[in-house]
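Here are a few notes from a pass over this one. Have the model open while you read.

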Amino acid sequence: MDAITYERAADVAGAVRAVQQPGAVFIGGGTNLLDLMKGGVERPVRLIDITHIGGLDGVTTLPDGGIRIGALVRNSDAANHALVREQYPLLSQAFLSGASSQLRNMATVGGNLLQRTRCAYFYDTAFSQCNKRVLGSGCAALEGHNRMHAILGASPQCVAVNPSDMSVALAALDAVVRVNGPAGERSIPFAEFHRLPGDRPDVDTTLRPGELITAVDLPPPLFSAHSHYLKVRDRASYAFALVSVAAALQMDGERVQTARIALGGVAHKPWRASAAEQMLNGQPLTQAALTNAAAAALRDARPLADNRFKVQLAQRAIVRAVNQAAGRAGGVA
Ligand code: SF4
């Protein structure tokens, strides 16, 4: 058994100082970290409990009309907060489609941003090949079971997917992650927060050593009238996405002013379908236009042996999610 020390941080500065000790990590809700520790995937020697830091557990309005969600807000509280429900229903839906109510009651927004892939080979240390766990060891999923794995943006070193529903909605909404670290505060545009695996699949985000996530900022709500989060999974609850779609639209009658589409379950990070967005922007939302845009979103897909079905599934999920965002019942998924 590993010896572990535990300390509570009283404030952000204290937490940032404490985590610079060798083997130290932050712990919030712990819903992912404790699983990883029990399986021997992560072996910290110091836990810095950040849940008693004041000022990080609220949802507040920003001067520009957006909102700030503190990093310690529980997923269930964020999903049910009036500002989130009414102004960012896409995000509320995404929160509520993730995990179980018990886990949502415990998990924090900051922790959700950092949850690690659910690749079974990553969690099972009996498998020696996993570049995310041991860099340079190989990737058991490439020739193994890869039904749940990536079809976009993967590398020969890792084909894992990001498991977060919340992050897919935040990608579509152009959120900003606020962090505080040894060099002070900074803001990270959401598109730059998670990484593709490349040759460093062991690194999931662009956080620098010692940085603590303090909040997520959302721009003013432009999409509250027309948005939809669609999650396709093997069972109706408590399952990770095979494919998910966060669709948000600004409509002018039948014409799309602005489309935002992000995909989950397909890549190492939430995947913005930029080509599809550009094909829809300024155009009438016809089914032909939507089908073409969905095809463009998956043009660069490189499926593995077990997950070829995801390409068509993702296309159909885009069609359905955008139709539902537009207030139409159509679409096949
Ligand atoms: Fe490890 Fe990534 Fe390969 Fe899974 S896909 S076994 S996480 S390297």
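Predicted model: local features only at pLDDT ≥ 70, side-chain atom pairs only at ≥ 80, totals over all residues.

1. Residues are numbered from 1 along each chain as its sequence is written, and side-chain values use heavy atoms, with hydrogens and water left out.

2. Take helix α12 (residues 287-297) and helix α13 (residues 309-325): they pack at about 135°, with axes 8 Å apart. Helices here are DSSP runs of H or I, at least four residues, numbered from the N terminus. Axes are lines fitted to C-alpha atoms over the stretch in contact, and angles run from 0 to 180 degrees between N-to-C directions.

3. Who touches whom (heavy atoms within 4.5 Å)? On the α12 side, Gln287, Leu290, Thr291, Ala294, Ala295 and Ala297; on the α13 side, Gln315, Ile318, Val319, Val322 and Asn323.

4. Now the cysteines. With a disulfide taken as a pair of cysteine sulfur atoms within 2.5 Å, the count is zero. Cys119 has 10% relative accessibility, so it counts as buried, and Cys139, at 16%, does too; buried means under 20% relative accessible area (1.4 Å probe, protein chains only).

5. Helix α5 (residues 89-97) is largely enclosed by the rest of the structure, because seven of its nine residues are buried. Those are Pro89, Leu90, Leu91, Ser92, Ala94, Phe95 and Ser97. Just after α5, check Ala99, which takes a positive phi of about 55°.

Technical notes: Helix = DSSP H or I, 4+ residues; strand = E, 2+ residues; numbered from the N terminus. Contact = heavy atoms within 4.5 Å. Buried < 20%, exposed > 50% of the residue type's maximum accessible area, 1.4 Å probe, protein only.
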